[in-house]
Amino acid sequence: MATVAEPTATMDQISIHPPKRLLYGPGPGQVHPRVYQAMAQPIVGHLDAYFFQISNEIQQLLRKVFGTKNEMTFLISATGSGGMETAISNFVSPGTKVASFGNGFFCDRQAEMARRHGGNVVRLEKPWGEVFSDEEAADFIRLEKPQVVTYVQAETSSGAFQKGEAICNAAHEVGALVIADCVTSLGAMPVEIDKTGIDIAYSCSQKGLSCPPGLSPLTVSPRALEHLKTRTNPNRSWYFDISLIADYLVQSHRYHHTASATMFYALREGLALIEEEGLENRWERHHKAHLEFVKKVEALGLEMLVPNPANRIWNLNTPKVPQGVDDAKVRATLLKENGIEIAGGFGPLAGKVFRVGLMGPLATSESVHHFMHCFESALRGAGYKG
Ligand SMILES: *Cc1c(COP(=O)(O)O)cnc(C)c1O
C-alpha cells in the first residue's frame, strides 16, 4: 500500500535560523504563535473544498472586522499595494476623473497608480501629519465633481488618521465612488466601512491583523459593483480584475490563480484570534497601549508629530526625533541591543520622526513598558539629554 510521508521535521532540523526580532515598526507587526502554528499545517489545493471552506470563513470574519455587509469581501493574493492596485484598476480607466487627498506617502501612491491607469487626477494636498477638515474635504469634492475619490484612512508615513464621513457624503452627492486605504487600521481601530460610506476598501495581512505579509483583504459595495457592470473597456490588469477573482473565490470556484493555502490558514487563524478577543476589546487594547505610549514618550520630553490627539493612529505612533539626535543611531542601537525593529520617517519626514508600531501581541502595557525602557536608553546613548 502506498504511504504518504507526513511532515516530521523538528525545529532543529530546519536549515534557516532567522534572528529573533520584536517588530515594533509600522509593519510587518509581531505574529501570534498560533498563526505560525496554522502556517505549519499541510497545504491543500487551491480548488479543494477545504480551501473554499477556509476562504468562506475568512470572508465572514472579514465583514465583521471591516464593519460591512458587502457580499464582495474577500482576499487578494498580494500585499497591501496589490489591494490598492485592485481598487484603482477596477474603478479608474482612461479619462476617469479622480480626486485624490494627499497628506502622506501612501496617498501619493494611490494618485500615481490612478495616473498609470489613465485617470485624470486632481489633488488637494496638505503637509504630512495634518488631516483634512470636513469642510475642506467637501468643498474640494463639490468643486471638482470627480468620478472617484481616494484617501488614506491611516497614513502610516505620518501617523495621521483621516475621518471619512464628510468625504463620503460629498462624494456621493456628486455621484463619485470612494476608495479608502485601510491597510494599517484594519483590525486595530474602527474602520466602519458601511457607517462611513466607503465604497471600496483594501487592507493587508501584516499590520492591524498581525499576520505575515502576503494577502490583501478587499471589500466592494453593491453600489460600486453596479458601476463595474457599466464599464465598457476591460480592466488593463488581468490579475487584479475583481470580476475574475470573485468568480474564483466567491461564485463558481473556477481557477483564476493558485492562492496560497498557507497564507489563508494564517489569516483565518489571525481572524479567529480577533473573534475570540472580541473586536471592540481589541480596539480598546490598542487604544490603551497608544495612550500609555504617548504619556510616557511626552514625559520623556518628546513631542508627537500629529498635534491633535483625536487624529492619531492608535497602532502606529510618530514621536518627533529630538533636536541633535541621530534617529538612525537610535534605531541601530535598538536592533543590536534589544532585537527591536522600529522605523524612521521618509520623504519630508526623513530624520524627523520615529515610527513605532504597537500592534497585535505588542499592544499591551507590558510591551509599552519594555519598549520605553529600551527606547530611553537608546536615546540617551545617542546623546539625548532631555
Ligand atoms: C503598508 C501600506 C501600504 C502598502 O502595503 P504593502 O503590504 O507594503 O504593499 C499601503 N498603504 C498604507 C497606508 C500602508 O501602511
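1. Start with the loop between strand E9 (200-202) and strand E10 (216-220), which is where Ser210 sits in this predicted model. Ser210 isn't a glycine, yet its phi is positive, about 60°. For background, most residues other than glycine have a negative phi. Is Ser210 buried or exposed? Its relative accessibility is 6%, so Ser210 counts as buried.

2. Glu192 deserves a look as well: another non-glycine residue with a positive phi, about 45° here. You'll find Glu192 in the loop between strand E8 (177-181) and helix H7 (193-196).

3. Next, the backbone at Gly27 and Pro28. The peptide bond joining Gly27 and Pro28 is cis, with omega at about 5°. Most peptide bonds are trans, by way of background. Pro28 belongs to the loop between strand E1 (22-23) and helix H1 (33-39).

4. How many disulfides does the model have? The count comes to zero. Take Cys107 as an example: the closest cysteine sulfur to its own is in Cys182, and that is 12 Å away. A disulfide needs the two sulfur atoms within 2.5 Å, so the sulfur of Cys107 is too far from that of Cys182 for a bond.

5. The cut-off behind both calls is under 20% relative accessible area.

Technical notes: Residues are numbered from 1 along each chain as its sequence is written. This is a predicted model: local features need pLDDT of at least 70, side-chain atom pairs count only at pLDDT 80 or more; totals for chains, interfaces and linings use all residues. Side-chain values use heavy atoms; hydrogens and water are left out. Helices (H or I, at least four residues) and strands (E, at least two) are DSSP runs, numbered from the N terminus. Buried means under 20% relative accessible area, exposed over 50%, partly exposed in between (1.4 Å probe, protein chains only).
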